[in-house]
Amino acid sequence: PPGRDMELWGWNTFAMQVLSWVPPLIFTVINESIGDMRLGAMAITLFHLIGLFIVLTIPSKNQTEKATTPDSTTQDGGKLCSKPSSSDNFLEEGGHEETLVAVPL
C-alpha cells in the first residue's frame with residue numbers, strides 16, 4: 001500500500017533475519033540425529049515449498065491495479081465503472097468509498 005512501503009520492507013527484513021537460520025538448523029538436526037543427508041535435504045525442500053506456496057498467495061501488483069482501475073475492461077468486453085457505495089454513515093463522516101461494477105458496452 002502507498003505510504004507503508006518502509007513498514008512492509010522492515011517486516012520483510014525482520015522475517016529474513018529471523019528465518020534465515022531455520023533451514024540450516026533443520027538440516028543439521030536431521031543429519032545429526034538420523035544420519036541421512038537425503039532426509040535433511042528433503043526437509044529443506046519442504047521448507048522451501050511452504051515458502052513458495054505463501055508467495056503464490058500474494059496478489060501481484062498488476063492484478064490489484066486491474067481490479068481497481070476504473071477504465072479497465074473486463075474479459076466479456078464490459079467496462080469497469082465506479083459506483084458510490086450505499087453506506088451513508090461512512091460517507092457522512094467524510095470518508096469516500098467506491099465499488100467497481102462491470103457494465104456491458
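Buried residues have under 20% relative accessible area, exposed ones over 50%, and partly exposed ones fall in between (1.4 Å probe, protein chains only). At 23% relative accessibility, Asp36 therefore counts as partly exposed.

## About the model

Welcome to this structure, which is a predicted model: local features need pLDDT of at least 70, side-chain atom pairs count only at pLDDT 80 or more, and totals for chains, interfaces and linings use all residues. Residues are numbered from 1 along each chain as its sequence is written, and side-chain values use heavy atoms, with hydrogens and water left out.

## Confidence along the chain

The predictor's confidence in each residue is called pLDDT and runs from 0 to 100. The chain averages 74, and 58% of the residues score at least 70. Helices here are DSSP runs (H or I, at least four residues), numbered from the N terminus. Confidence is highest in helix H2 (residues 22–34), at a mean of 91, and lowest in helix H5 (residues 88–92), at 50. Where pLDDT is low, the predicted coordinates should not be read in detail.

Rings of Phe, Tyr and Trp (its six-membered ring) pair if their centres lie within 6.5 Å; planes under 30 degrees apart count as stacked, over 60 as edge-to-face and the rest as tilted. The structure holds 1 such pair. Its partners are Trp11 and Phe14, arranged edge-to-face with 5.9 Å centre to centre and 85° between the planes.

Both residues belong to helix H1 (residues 5–19), where they sit 3 residues apart, about one turn of the helix. Trp11 and Phe14 are both exposed.

## A nonpolar patch

H1 and H2 each supply at least two of its residues, and H1 gives the most, with 5. Leu8 lies in H1 and counts as partly exposed because its relative accessibility is 40%.

## Two salt bridges

Side chains of opposite charge can pair when their charged atoms come close. A salt bridge needs a side-chain nitrogen of Lys or Arg within 4 Å of a carboxyl oxygen of Asp or Glu, and the structure holds 2.

One joins Glu7 to Arg4 (3.2 Å, N to O). Glu7 is partly exposed, at 39% relative accessibility, and so is Arg4, at 40%. In the other, Asp36 meets Arg38, with the closest N and O atoms 3.6 Å apart. Arg38 is exposed because its relative accessible area is 64%.
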